[in-house]
Amino acid sequence: MGVAIALHLARRCHPLDEPVVLLEKSRLAAGSSGRSGAILRQHYSDRELASMARDSLRVYANLEARTGRTIGFQRTGVITLAGPERPEMIALVERNIAMQQSIGIDTRLIEAREMRALVPGLVVADGSIGAYEPDGGGVDPIRTVEVFAALAREAGAVTRIGVKVTRIVTDGTRVIGVDTDGGRILADDVVVATGPWSRPLLAAIGFDAPLSVVRPEQHFQALPNDSRAVASDADARVEDSALDRFGLSRDALAAAAHPVILDLERGFYTRCEGHAGRTRVGRMDYSHDDPISDPDALDESVSTDFRRWAREQLTARLPIYTDEPSVGAQVGLYTLTPDAQALIGRPRAFTGLVVVTGFSGHGFKLAPSVGEGVAQMLLGETVSAFDAEFFAPDRFAGRTSASTSGAFGL
């Protein structure tokens, strides 16, 4: 979120008269973003989110052709799958498809027979349905953050890496800058896009955001043998071919064995990560993830029980992985709100402050829209890139609980 906002602002601000400065306490993508599955889906129940995902996907898909910089974009398609044992989920998927089609998203309903044809070897019961998005896929999350930061610098932004913000500086109810371990920086506006570190930073100035942080576990499986070859450009679309025409470099990506699968029946998601040559598996529901109080003291261990569960879900749905070895695991960082939607905007109690946090595990795909909309907000324009009221940071005022839904944004 920080680099996306910096990029959109820098493109529209004079680098001397209106400098844009991005502060990162350690390294780019060191927090939630670098641990993200970076799945680019458009399947949401809320029109507000689906439209942002639609617009952001176009940015990711065209970025390499427009800039010559590779972000590991891979158009694998996305299937959101619901089984016959959960008729309410089938109804939800059907409603979502109708809404998404109404706003121009390329998605369609497919039945079990079509899913089996699309994904050879997929085990799916008759009566199951899927929402198929052929344009969906994913990117390399770390490379993407680095490229956004590089583009922001080219546009005139300053990125200060290794500078830690220690507190937000206020003059009464006006935010006037930040203190860092390298000194004070005064600013007309301060954007807090600090993920798991947001709540204590904001609480210190009297804004108690209803945020909590969990550590979702993620398992990695080796790609099937016949999918480890470098991906062919045969399926590339017209906008991707500019890289080849102008002799620009393209990072080798391992071919995807199947589309991204969001499995509402078995409760897991999986994505073939061509940039890393592996398949990621995680839970769809974060309600059982362990809460953490200090993201700087993150427990990096992944339980044997989770690794076993992840492998069982994957191989039950895709037996092609049965003989493939596990190739590691990691934990992520989700910053949660009670309704699984982010806080984006200016809290009423302060001037000079914009909060951008609490994306509840599904923010990466929305970052281009967030960056554009926050830039509009900071420049005093009508926000058209997203629905500002939907994300209003004061919408939980008066609530005493920061409990979460575990809904993963669906």
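D179 is a buried residue, with a relative accessible area of 12% (buried means under 20% relative accessible area, exposed over 50% and partly exposed in between, using a 1.4 Å probe and protein chains only). The model is a predicted one, so local features need pLDDT of at least 70 and side-chain atom pairs count only at pLDDT 80 or more, while totals for chains, interfaces and linings use all residues. Residues are numbered from 1 along each chain as its sequence is written, and side-chain values use heavy atoms, with hydrogens and water left out.

D179 has a salt-bridge partner in R167, and the closest N and O atoms of the pair are 2.8 Å apart (a salt bridge is a side-chain nitrogen of Lys or Arg within 4 Å of a carboxyl oxygen of Asp or Glu). R167 sits in strand β8 (residues 165-171) and D179 in strand β9 (residues 174-180), so this pair ties together parts that are 12 residues apart in sequence. Helices here are DSSP runs of H or I with at least four residues, strands are runs of E with at least two, and both are numbered from the N terminus. R167 is partly exposed, at a relative accessible area of 39%.

By the salt-bridge rule, the count comes to 22. One of them pairs D189 with R346, at 3.0 Å from N to O. D189 is in the loop between β10 (183-186) and β11 (190-192), and R346 is in the loop between β20 (343-345) and β21 (353-357), so the two side chains tie together parts that are 157 residues apart in sequence. D189 counts as partly exposed at 30% relative accessibility, and R346 counts as partly exposed at 32%.

Another salt bridge links E154 and R69, whose closest N and O atoms are 2.3 Å apart. E154 belongs to helix α5 and R69 to the loop between α2 and β3 (78-82), so the pair ties together parts that are 85 residues apart in sequence. E154 is exposed, at 55% relative accessibility, whereas R69 is partly exposed, with a relative accessible area of 28%. There is also a salt-bridge network, made up of R54, D55 and R58.

Now for the helix packing. Helix α1 (residues 2-10) has eight of its nine residues buried, so the rest of the structure largely encloses it. The buried ones are V3, A4, I5, A6, L7, H8, L9 and A10. They pack against β1 (21-24), α5, β11, β21 and α9 (367-378), where contact means heavy atoms within 4.5 Å.

With α5, the axis of α1 comes within 8 Å and crosses at roughly 25°. Axes are lines fitted to C-alpha atoms, for helices over the stretch in contact, and the angles run from 0 to 180 degrees between N-to-C directions. That makes α1 roughly parallel to α5 (angles under 35 degrees count as roughly parallel, over 145 as roughly antiparallel, 65 to 115 as roughly perpendicular and the rest as oblique). The α1 and α5 crossing is left-handed, meaning that the near helix is turned anticlockwise from the far one by less than a right angle. On the α1 side the meeting residues are V3, A4, A6, L7 and A10, and on the α5 side they are V145, F148, A149, L151 and A152. Sorted by class, this contact has 10 nonpolar, no polar and no charged residues (Ala, Val, Leu, Ile, Met, Phe, Trp, Tyr, Cys and Pro count as nonpolar, Asp, Glu, Lys and Arg as charged, and the others, Gly among them, as polar).

Helix α5 (residues 141-154) also meets helix α2 (residues 47-67), with axes that come within 13 Å and cross at roughly 50°. That puts α2 oblique to α5. This crossing, too, is left-handed. Y60, L63 and T67 of α2 make the contact with T144, V147, F148 and L151 of α5. By class, there are five nonpolar, two polar and no charged residues in it.

Two backbone spots are worth a look. Most residues other than glycine have a negative phi. A38 is not a glycine, yet its phi is positive, at about 50°. A38 lies in the loop between β1 and β2 (39-40) and counts as buried at 1% relative accessibility. A340 likewise has a positive phi, near 65°, in a residue other than glycine. A340 is in the loop between β19 (334-336) and β20, and counts as buried at 0% relative accessibility.
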